[in-house]
Amino acid sequence: MNEPAPSLPRRRMKITKVEPISLFVPIEDEIDAPVAVPHAADLTDVIFSGYRATLVRIETDIGLCGVGECMVRLAPTATRAVIEDIASLLIGRDPLDREAIWELLFGVMMNRGHNRGFFVEAISGIDIALWDLAGRFLDLPLYTLLGGRHHERLDAYASSLRFRALDEVTAQARGFRDAGFKAMKIKIGRNLTEPQLDIEFVKAIREAVGDGVRLMVDANCAYSEDVATALHVGRAMQEMGIFWFEEPIAPNDIDGYVHLADNLDIRIAAGEADFMSFGARDFLRRRAIDVIQPNISRAGGITEARRIGAMSRAFHIPYAPHTGSCSAVCLAATLQFAVSLPNFLTFEFMQSDWSKSQPNPLRHDLLIEPVEKLVDGYMEVPERPGIGVDLNMDVVDRYRVA
Ligand SMILES: [Mg+2]
């Protein structure tokens, strides 16, 4: 018979403070819409007028602090206000109880029409900060808490070749290839009535980089009102050997996705728009997509993304996490999450910011020590506690919204 295990001293923390920090960096120069979302040209001044994020800092009674990020594409103070209103639910709780806290927070609004959008983005940032705290408490990288490393390093692709003059784009594509990238993504969807122009654009990039580079295309829902064009473009991409066709149509058009998936051999990718596990369940069950791409800072944090990871694996669908134009905090947390996914496919490593003349400082300057390291086309995943970030508070204060 085994000896009874000695009782261990109970180690507990308590949350003492939840601080949301809204960041906004105005883009000073006039830019064209960098993607083909419907009505892109009219929306540029609103959506693409600046880089945004809302960070969450959670402090504890033992002096440890965790950091998370809420994805923000509009009104960073909206997610901040949500966090301020629900912060009292966290004070005094043990941050290690992160999944119980997630359910508590989700319960605030689940029957009030806010089971997506700003509210879920707010709890995503809180959840990431709690997982970061758990890692710091145990002095282990987040991926160890998630079950361990499934990959030595992460396959990565350069994101994204945007709508610019063709010679500029082909030069940039060669630049990505020469920097070691073995894969890159091209924005398409600008020419709704002349899709041939987009097809020729992709062909020219293929010729510029050669056959050895994996290419994906991303329409950012451009063909939402015209599934037939999505099908036409998808077939052309298929013939060119493009690896995936991302967000051809609107995120809620599940029947449209099923139609495309049934009629195309090229992989259909989607999921950055809003999936929680409930949304992912419906897409997976109907085999509407071939690659799932939720962003941890929007889809419900690590807790919810992990559920999506397990569910997508059960459907044999790979997970290619979206990072897009998020800050370095989301990027760092996503690296940790991605390496813990058995069905991880490839990592979105943003290389082109919305404004050429004004790169995103929230991506490039926010951390004291950057986490990103590309070696031979692969991302390394750092061995640091939690998500492995220390904020540069000078940069935070420079862009903090009052
Ligand atoms: Mg996309």
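Reader: At roughly what angle do the axes of helix H10 and helix H12 cross?
Author: This is a predicted model. Helix H10 covers residues 277-285 and helix H12 covers residues 301-314. Their axes come within 9 Å, and the crossing angle is roughly 15°.

Reader: Is H10 roughly parallel or roughly antiparallel to H12?
Author: Angles under 35 degrees count as roughly parallel. The axes of H10 and H12 cross at roughly 15°. That angle therefore makes H10, relative to H12, roughly parallel.

Reader: Is the crossing of H10 and H12 left-handed or right-handed, and which residues of H12 make the contact?
Author: H10 passes H12 in a right-handed crossing. From H10, the contact takes Ser 277, Ala 280, Arg 281 and Leu 284. From H12, the residues are Glu 304, Arg 307, Ile 308, Met 311 and Ser 312.

Reader: How many residues in the contact of H10 with H12 are nonpolar?
Author: The residues of this contact include three charged and two polar ones. The nonpolar residues number four.

Reader: How far apart are the centres of domain 1 and domain 2?
Author: The domain assignment places domain 1 at 15-143 and domain 2 at 147-392. Taken over C-alpha atoms, their centres are separated by 21 Å.

Reader: Which element gives the most residues to the side of domain 1 that touches domain 2?
Author: In domain 1, 43 residues are in contact with 49 residues of domain 2. Among the elements that give two or more residues to that side of domain 1 are strand S1 (15-26), strand S2 (50-60), helix H3 (98-109) and helix H4 (117-138). The element that gives the most, with twelve residues, is H4.

Reader: How many residues on the side of domain 1 that touches domain 2 are nonpolar?
Author: By class, this side of domain 1 has twelve charged and five polar residues. Its nonpolar residues number 26.

Reader: What is the radius of gyration of the protein chain?
Author: The protein chain has 15 helices and twelve strands. For 402 residues the globule rule gives 21 Å, and the chain comes close to that, so it is as compact as a globular protein of that length. Its radius of gyration is 21 Å.

Reader: Which residue is joined to Ser 160 by a cis peptide bond?
Author: Ser 160 lies in strand S4, residues 154-161. The cis bond has an omega of about -10°, and the residue it joins to Ser 160 is Ser 159.

Reader: Where is Asp 139 found?
Author: Asp 139 is a residue other than glycine with a positive phi, near 60°. Asp 139 sits in the loop between H4 and H5.

Technical notes
Residues are numbered from 1 along each chain as its sequence is written. This is a predicted model: local features need pLDDT of at least 70, side-chain atom pairs count only at pLDDT 80 or more; totals for chains, interfaces and linings use all residues. Axes are lines fitted to C-alpha atoms, for helices over the stretch in contact, and angles run from 0 to 180 degrees between N-to-C directions. Helices (H or I, at least four residues) and strands (E, at least two) are DSSP runs, numbered from the N terminus. Angles under 35 degrees count as roughly parallel, over 145 as roughly antiparallel, 65 to 115 as roughly perpendicular and the rest as oblique. A crossing is left-handed if the near helix is turned anticlockwise from the far one by less than a right angle, and right-handed if clockwise. Two residues are in contact if their C-beta atoms, placed from the backbone, lie within 7 Å. Ala, Val, Leu, Ile, Met, Phe, Trp, Tyr, Cys and Pro count as nonpolar, Asp, Glu, Lys and Arg as charged, and the others, Gly among them, as polar. Domain bounds come from an automatic or database domain assignment. The radius of gyration is taken over C-alpha atoms; the globule rule is 2.2 Å times the number of residues to the power 0.38.
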